[in-house]
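Would you like to learn how to read a sheet and a surface patch in a protein model? Let us go through it together, one question at a time.

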Amino acid sequence: MAPGSDQPLPPPSPEPAAAVGQRTHPASALVRVWLWVAAGLFAFGRDLVEGGESRSLLSMLWIGLAIVGAAALLGVAFGYLSWRFTRYFIDGREIRIERGILTRSSRRAPYERIQAVDIAEPFAARIFRLCELRIELAGGDDSRVALQYLRQSEADRLRHLLLQRAYEAGSQAVRDAVPASVAGAGATDALGRAAAPSLGGADDGTAASTEAPITVPHLDLSPPILVVPPLRLVVATVVSAEFLAPALFLTALVVGGVVFPGVIVFGVVPLLLWAGQVIMSRVVAQWSFTLRRAPTGLHVTRGLLSRIAQTIPYDRVQAVVVRQAALWRPLHLERAEVTVAGGSNDSDESGSATLLPVATPDEVRMVLGELFTDVDHVRIPRVRAPRRSAVFAPVGWRFRSAGSDAHAFVTESGWIMHRTDVVPHAKTQSVVIKQGPLQRLRGVADIVVHTPDGPVAAHGYSLDAADVRALATAQLTLARQAREERGES
């Protein structure tokens with residue numbers, strides 16, 4: 001009873017039950033044991049170099065087995081504890097991942113900030129038939145949340161569930177990507193039947209969308225729009241400067257090694273590593289490159305040893321650069337890369353900036369049309385660098401140009417590695433005119449259209465100064481109009 005009152009106190013409300021998270025697959029504890037084994041081999045090798053001369057072969061074998069075995073056991077123990085203390089929670093508002101043995105951490109990913117959900121299959125995880133779920137969030141460098149490791153069926157289920165809840169929570173990236181025909185169908189499917197019940201929302205007792213439930217199209221239903229043949233990858237790599245340079249040096253060293261034995265040993269190893277890195281990044285990492293239309297963007301699957309599945313979100317693509325090496329011109333091959341806003345810092349390692357590893361010009365135009373419907377970079381009119389700019393690039397001035405139309409700005413440069421940078425007007429951040437003293441004497445100037453950090457650098461070199469001023473003025477106007485049409489100003 002409350003003091004000064006005759007009314008009895010209400011009974012205390014029951015404590016809410018603590019949420020119980022789910023664990024990843026138990027075999028996750030074994031996926032990274034190879035790192036510990038590698039560390040054990042390194043320690044054994046170092047011990048062998050420092051004091052192995054005085055030991056017998058049998059003793060060295062036992063010592064090696066002991067060191068590597070102890071490292072493997074430590075790896076298994078650490079992996080088990082790491083798996084044991086990792087849980088993920090999926091509720092009505094977010095997915096939360098808690099991990100840490102001594103220091104606990106909790107990473108939260110609200111559904112409305114989800115931009116894409118991808119599945120990757122690192123090589124070590126593939127041995128155990130596991131995969132990794134990667135969740136890309138809006139904004140910031142640390143925008144990726146990873147769930148390691150799950151069975152393929154469980155990863156597929158979680159991926160579809162998260163995309164569904166992102167749509168219902170109002171994730172603009174997911175909503176923009178759902179086809180209008182699907183979104184307009186409301187509670188009926190394409191055959192006019194009642195739509196499948198929503199995967200999230202109302203039954204959780206949490207905030208759910210008041211709109212009719214929409215089932216986000218499943219990725220696997222989308223046929224490939226482009227598959228890069230492995231033979232094309234091999235041919236393009238063999239005729240690339242990155243591979244030919246170490247190959248020629250290796251040939252020269254082998255010939256030189258016949259005359260000067262011993263020199264070849266010190267030169268071959270780094271060149272072999274160089275050539276191996278090129279093969280790994282250009283062939284092995286891009287093997288079976290397949291491009292599909294996905295609900296949230298263009299979906300890429302690739303990789304021979306580690307299978308990578310990633311999504312290039314439509315609304316986060318800021319610009320595209322198309323590269324063509326001199327040796328690729330007779331083969332009519334090109335490579336395309338994209339700048340993605342808020343992309344992860346490991347984009348180079350994962351190759352997430354690669355839109356097309358190697359493709360024909362028609363295929364590049366088709367894929368760019370998927371990203372930017374109205375942009376055709378080949379048809380954009382350009383102004384070319386005048387002959388008087390040859391003092392700055394005696395050969396390359398013929399390959400320099402810049403121009404724009406109603407939809408995008410484009411620059412061209414380079415004759416050994418020719419590049420075409422394409423920036424849709426709405427993605428323009430700023431426009432800069434540069435003119436040095438010598439350029440002023442020659443009546444030329446540079447124009448730069450800035451975009452977020454990435455492989456794209458829209459820089460028009462040493463163009464006629466009057467053309468540069470006209471391009472800059474037009475670009476500012478077109479960029480402002482494009483942003484107004486998108487409701488961003």
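The dialogue below looks at a sheet, a helix beside the sheet, and a surface patch.

Q: What kind of model is this?
A: It is a predicted model.

Q: What is the order of the strands in the open sheet of seven strands?
A: A sheet is read by going from strand to paired strand. Here the order is β13-β12-β11-β17-β16-β15-β14, and the pairing is antiparallel.

Q: Which strands stand at the edges?
A: Look for strands with a single partner: here these are β13 (354-359) and β14 (383-384), so each has one side left without a neighbour in the sheet.

Q: How many bridges join strand β11 to strand β17?
A: Residues 317-325 form β11 and residues 417-424 form β17; six bridges link this antiparallel pair.

Q: Which strands does helix α14 touch?
A: Helix α14, residues 465-485, packs on the sheet and touches β14, β15 (401-404) and β16 (408-413). The direction of α14 makes about 35° with that of β15.

Q: Which residues make the nonpolar surface patch?
A: The patch covers about 1000 Å², and its residues include Trp34, Trp36, Phe78 and Tyr80. Two elements, α2 (33-51) and α3 (57-84), each give two or more residues to the patch. The largest share, four residues, belongs to α3.

Q: Why does tryptophan 36 count as partly exposed?
A: Partly exposed lies between buried, under 20%, and exposed, over 50%. Tryptophan 36, in helix α2, has 31% relative accessibility, so this residue counts as partly exposed.

How values were computed:
Residues numbered from 1 in each chain as written. Predicted model: local features only at pLDDT ≥ 70, side-chain atom pairs only at ≥ 80, totals over all residues. Heavy atoms only, no water. Pairing = 2+ DSSP bridges. Contact = heavy atoms within 4.5 Å. Axes fitted to C-alpha atoms, helices over the stretch in contact; angles between N-to-C directions. Patch = residues over 30% accessible without salt bridge, like charges linked within 9 Å, V, L, I, M, F, W, Y side chains within 5 Å. Areas by Shrake-Rupley, 256 points an atom, 1.4 Å probe, with all protein chains shown as cover. Salt bridge = Lys/Arg side-chain N within 4 Å of Asp/Glu carboxyl O. Buried < 20%, exposed > 50% of the residue type's maximum accessible area, 1.4 Å probe, protein only.
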